[in-house]
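Open the viewer and keep the selection tool ready. We will go stop by stop.

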Amino acid sequence: MIPTLTWTPEGVRFIDQTRLPLEESYVLATNYEQVADVIVTMVVRGAPAIGVSAAYGVALGALRSNAKTAEDFAPEFEKVCARLAGTRPTAVNLFWAIDRMKHLFGRLRSAGASMDQIRERFLAEAHAMYNEDIAACRSMGAFGGDLLPAEGGVLTHCNAGALATCGYGTALGVIRSAVEQGKKIRVYADETRPFLQGARLTAWELMEDGIDTTVICDNMAASLMRAGRIQAVVVGADRIAANGDFANKIGTYNVAILAKEHGIPFYVAAPWSTIDTATATGDAIPIEERNPVEVTHHGGRQLTPNGVGICNPAFDVTPASYVTAIITERGVLRAPFAESLQKMASDPVPA
Ligand code: MRU
């Protein structure tokens, strides 16, 4: 399994996604500040992976604290949570994971737990989130794999794979599952400017699994669709609003429009922790604006003239009307998403 993030006795070990595919190296975060740094610099990225990383960050905050009691630790705990929550604004999984740790702390504090018990329970909760994430990806894969054609081209954008989760992936989990079912899938991976998650990461991890993969530049999708080479699109999500609008890597909206124009099904695969029913529509999703240097430079080389204006939103919002189905670990949702999401939210969670 691809070791996206691994707990060790010293802290969390991350595969360095800024260096893939040419170099497989690792970064060890031994305290919560280092976890926050690896999230900001995108050593680790992808909505589910940064959520679980933040949970381990909170656990490291407790493990490294000298506080003797929960009361002493409370102000430090707030600081740790605020630092981790301030890393990236769009993926709701980050806030979901931190809120889960906050609820746990609240319960332990009211029960009079000792610091040793808090440390142990925090780490156990982060491990539980890690394992739940892999199980959710497997379940999404099983539901979504059935939706893909027996044979054909599947386009994906960014990296919603093992590298964006604790293992197996969301959109790439759906593809992996279809391939495991014996379907003859050729993956087209958008290169995904400017950070090149598709060209570097999706291509790398699918090649590791021996899955037929072709990288295309972001501006080639329309032409391939018109030529009949794409039979389905499957992408991940960073946040799904209550009406089914969703934020994902910049450029996803372009792909959705193209898919609709060409009558190609467009699937979104995401765990329940990506669904944000407190956000009514996609217009209210905060979109991260990243450093212009990611656009002006590549591999240390300048591409644009000095002083030119640069725009670098990391995500865009695709309206629900472009989505054929949302694949979650609890099942497949169809339009109208406001109703189907609400119904699934109130259904008992499958064991
Ligand atoms: O900026 P990134 O690389 O963190 O963006 C990642 C994406 O947009 C993914 O598609 C999304 O997080 C889903 S990952 C399972």
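## Stop one: the nonpolar core

Select Leu 5 and Phe 122: within the largest nonpolar core, which has 48 residues, they have the most contacts. Remember that you are looking at a predicted model.

Now colour the elements that build this core. β2 (11-15), α1 (32-40), α2 (47-63), α3 (70-85), α4 (92-110) and α5 (115-145) each supply at least two of its residues. Which helix gives the most to this core? Select α2: its share is eleven residues.

Next, zoom in on Phe 122. Leave aside its neighbours within four places in sequence. Phe 122 is then in contact with Val 58, Ala 59, Ala 62, Phe 73, Phe 77, Met 101, Leu 104, Phe 105 and Leu 108.

There is also a second, separate core, with 28 residues. To find this second core, select Ile 240, Ala 259, Ile 275 and Phe 337, which are among its members.

## Stop two: the sheet

Seven of them form an open sheet, in the order β6-β5-β4-β7-β10-β15-β16, with mixed pairing. Look for the edges: β6 (213-216) stands at one and β16 (331-333) at the other. Each has a single partner strand, so one side of each is left without a neighbour in the sheet. Follow the twist as you go across; the average is 25 degrees from one strand to the next.

Pick out one pair. Strand β10 (residues 266-269) and strand β15 (residues 325-328) pair in the parallel sense, over three bridges. Click Ala 269, and then its bridge partner in β15, Ile 327.

## Stop three: helices across the sheet

α5 lies across β10, β15 and β16, and runs at about 145 degrees to β15.

## Stop four: the ligand

- From a ligand oxygen atom to a polar backbone atom of Gly 46: 3.0 Å.
- From a ligand oxygen atom to a polar backbone atom of Ala 47: 2.9 Å.
- From a ligand oxygen atom to an N or O atom in the side chain of Gln 197: 2.8 Å.

How values were computed
Residues numbered from 1 in each chain as written. Predicted model: local features only at pLDDT ≥ 70, side-chain atom pairs only at ≥ 80, totals over all residues. Heavy atoms only, no water. Core = buried A, V, L, I, M, F, W, Y, C linked by side-chain atoms within 4.5 Å. Buried < 20%, exposed > 50% of the residue type's maximum accessible area, 1.4 Å probe, protein only. Helix = DSSP H or I, 4+ residues; strand = E, 2+ residues; numbered from the N terminus. Contact = heavy atoms within 4.5 Å. Pairing = 2+ DSSP bridges. Axes fitted to C-alpha atoms, helices over the stretch in contact; angles between N-to-C directions. Polar contact = N/O pair within 3.5 Å; in protein donor to acceptor, adjacent residues only side chain to side chain.
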